[in-house]
Protein chains: 2
Amino acid sequence: MDLTATTQHLASAAADLVRLVPGKLIDPVLSGVLLTADAHGVVLGANDRERTARVSRGALVHTEGRVLVPAKPLAETLRALTQPQVRLVVEGSRLAIRADGARFALPLLDVDLHPGAPESAVGGSTVSGSQFAAALATVATTASRDEALPIFTGVRLRSEGDRLVLRATDRYRMAIASVPWSADTEIDLMVPAALLAEVGKQVAHIDRVTLQATENHLALAWSDTVVTTAVLDGSFLSETKLALSDADTHIEADADTLTAATRRVALYSDPRGVVQLEAGDTELRLRATDHQAGEAEEPVKATITGGRTSPSFQSRYLLDALRPFAGTRVRLAIQPGMRATVLTAVDPGEVDLRYILMPMLPPKV
Amino acid sequence: MDLTATTQHLASAAADLVRLVPGKLIDPVLSGVLLTADAHGVVLGANDRERTARVSRGALVHTEGRVLVPAKPLAETLRALTQPQVRLVVEGSRLAIRADGARFALPLLDVDLHPGAPESAVGGSTVSGSQFAAALATVATTASRDEALPIFTGVRLRSEGDRLVLRATDRYRMAIASVPWSADTEIDLMVPAALLAEVGKQVAHIDRVTLQATENHLALAWSDTVVTTAVLDGSFLSETKLALSDADTHIEADADTLTAATRRVALYSDPRGVVQLEAGDTELRLRATDHQAGEAEEPVKATITGGRTSPSFQSRYLLDALRPFAGTRVRLAIQPGMRATVLTAVDPGEVDLRYILMPMLPPKV
């Protein structure tokens, strides 16, 4: 193999690939990048047997070929280069990365041991990249990171007519977003949230993302990239019914003001981190109190209708819940008793988001 | 006590104080801030029995007084406030921090248990704040952080005529800087590097810093701030003689180019992290090689005189050594054998810096 390419293009391909398939520490082959150079350019492929990815880039190919090298060192070397052009050329048992006078040489791994990169994309239904990214920014980060309970580490993707609904919970809160969907096919599956979070970052400025589900896999494709992942068993969550219709108190407030006040008052919260929202006539009073830390209260202007139910929340979950509504007004629908509060935007856009937060017992005075 | 002040002024005073005297975790009193309000304004004081600090600020004092409250919660609350004015007022067993409708209340600690804040500054010799900060940025970070060997955690400050010499080593490298000094008094003592690093950050834009040494303490004063610290026993290091006159190879190169090349080549270094500098006629070749990682070499244009001694260094220490010379040309004076290399600026400014680096055995091929 011998090719010349724009350093920046190749560096972004290698970086995207490593983030999509970080590889298995125990197996150097499954942490490798499979480089395939032919007349069309170069394809970078990865496959750790659970996830696969392919990223293609234009290149001036002098000699076609197919080699396997450690992925992270390749990505780090390409990222560190400041020279505009780079040459990748096999020299004996090494892949040399040459730029001006510099030479970096990676050991070749056994290409026959690698399970191969995915095919390029075929059909499927589509979503807007920026809308998918906005929904995932909240939903994928709401999933649990506790690998001991895998079903809470996933995002459920389900088509409902012309909307794609994304849903995740870690048991203490749940985020439900929906985005417009081309509706050619129906899907209903649970996908690892960590991968979707990374996909969200990469598609934020992409026009269309294609989703194609097979029995045990989901393929996502955009521009020059294809990713596939094994799905999680989501049957446990698929029948979840949420009774959220009993709200007796409705509050509308500026999300940024509420966030700033929550941050300040939370400095005085008890070891559980609890902040109470006391509904008044024209303002919400945030309160926290702790035997050692002292006590705090701060008013936030709000439009309050209905009852005077005053729930308490763990402050960091409340801050997470407010984040997707930054810069806008947020509506809180509060149910009496120890039941969930639902946060929605006062003026929702194309991405419809409901954030459901479980209350805590109020702070003891 | 009852006073009104500009939030930003009080917040910066509390933040500076907490960074200078982080306090003792085990003793809430020694982690407290002593607030003294009188006709002149308010003084924030801290004293953990090893370090003391006082920071004064203007304030409109309604009622004079003296209280002790937890320092970090006060600093965090003041930092989080967006209201321009803040009122501090004793209410029962609390110090209330009031801003618009918000109220934050900290418990009062027993002021009689506190060892007291330092007096305001008297005389002493002076250095320029920006020069002192520039010297400390390199010297204080070269000291060891290993508390098990306290003498390597200090910076030795020694007046030599009209220069103040700052010196620190962690045994693998040594930084020696000197700055102009008003030479009214002579000092020679060893001061904890961690405190000096923080002082360096706070005086970067200050005109003059006053240093006054007593038998076991050093006091540093600038604008509205006074800090004192117990000194370390530096007698062990005070007689260190450095024989650095046998350099046979002199190299001049652009520090940024050398830094960037070192970063890239270091990706291929052995588990010790070693990079070799091979002196040629018109270029320095950086090399690294590792059985697993592969190998790298990159040329850097340089002016080379004398021999062809080609030392090897731990890459992160070489990067640390190059950092203070960023944006300028650096000179390396290399001694043959396993002896130190000295880095200096080709065009030194008012702050004179020598960085001394011990070599490593070259990488095995």
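Trainee: In S9(B), which residue is the bridge partner of Glu297(A)?
Mentor: Look at Arg103(B), the bridge partner of Glu297(A). Helices (H or I, at least four residues) and strands (E, at least two) are DSSP runs, numbered from the N terminus, and two strands pair if DSSP finds at least two bridges between them. Here S21(A) and S9(B), residues 102-107, run antiparallel over three bridges.
A word on ground rules: this is a predicted model, where local features need pLDDT of at least 70, side-chain atom pairs count only at pLDDT 80 or more, and totals for chains, interfaces and linings use all residues. Residues are numbered from 1 along each chain as its sequence is written, chains are lettered from A and ligands numbered from 1 in the order in which they are written, and side-chain values use heavy atoms, with hydrogens and water left out.

Trainee: How many residues does the contact take from chain A and from chain B?
Mentor: Contact means heavy atoms within 4.5 Å; chain A gives 29 residues and chain B gives 29. The size of an interface is often given as the accessible area lost when the parts come together. Buried area is counted with a 1.4 Å probe and summed over both parts. For chains A and B that comes to about 2,200 Å², with 49% from carbon and sulfur atoms. On the chain A side, Arg264(A), Tyr268(A) and Glu295(A) supply 26% of the area buried against chain B, more than any other three residues.

Trainee: And how many salt bridges does the rule find across the interface of chain A and chain B?
Mentor: The rule wants a side-chain nitrogen of Lys or Arg within 4 Å of a carboxyl oxygen of Asp or Glu, and it finds four between chains A and B. One of them joins Glu295(B) to Arg103(A), the closest N and O atoms being 3.4 Å apart.

Trainee: What about inside chain A, where are the domains?
Mentor: Bounds come from an automatic or database domain assignment, which gives domain 1 (2-113), domain 2 (125-230) and domain 3 (249-357). The C-alpha centres of domains 2 and 3 of chain A are 28 Å apart. Between these two domains about 1,200 Å² is buried, 55% of it from carbon and sulfur atoms. In domain 2, Thr138(A), Arg173(A) and Ile176(A) lose the most area to domain 3, together 46% of what that side buries.

Trainee: Which residue forms a salt bridge with Arg173(A)?
Mentor: Asp320(A), with the closest N and O atoms 2.9 Å apart.
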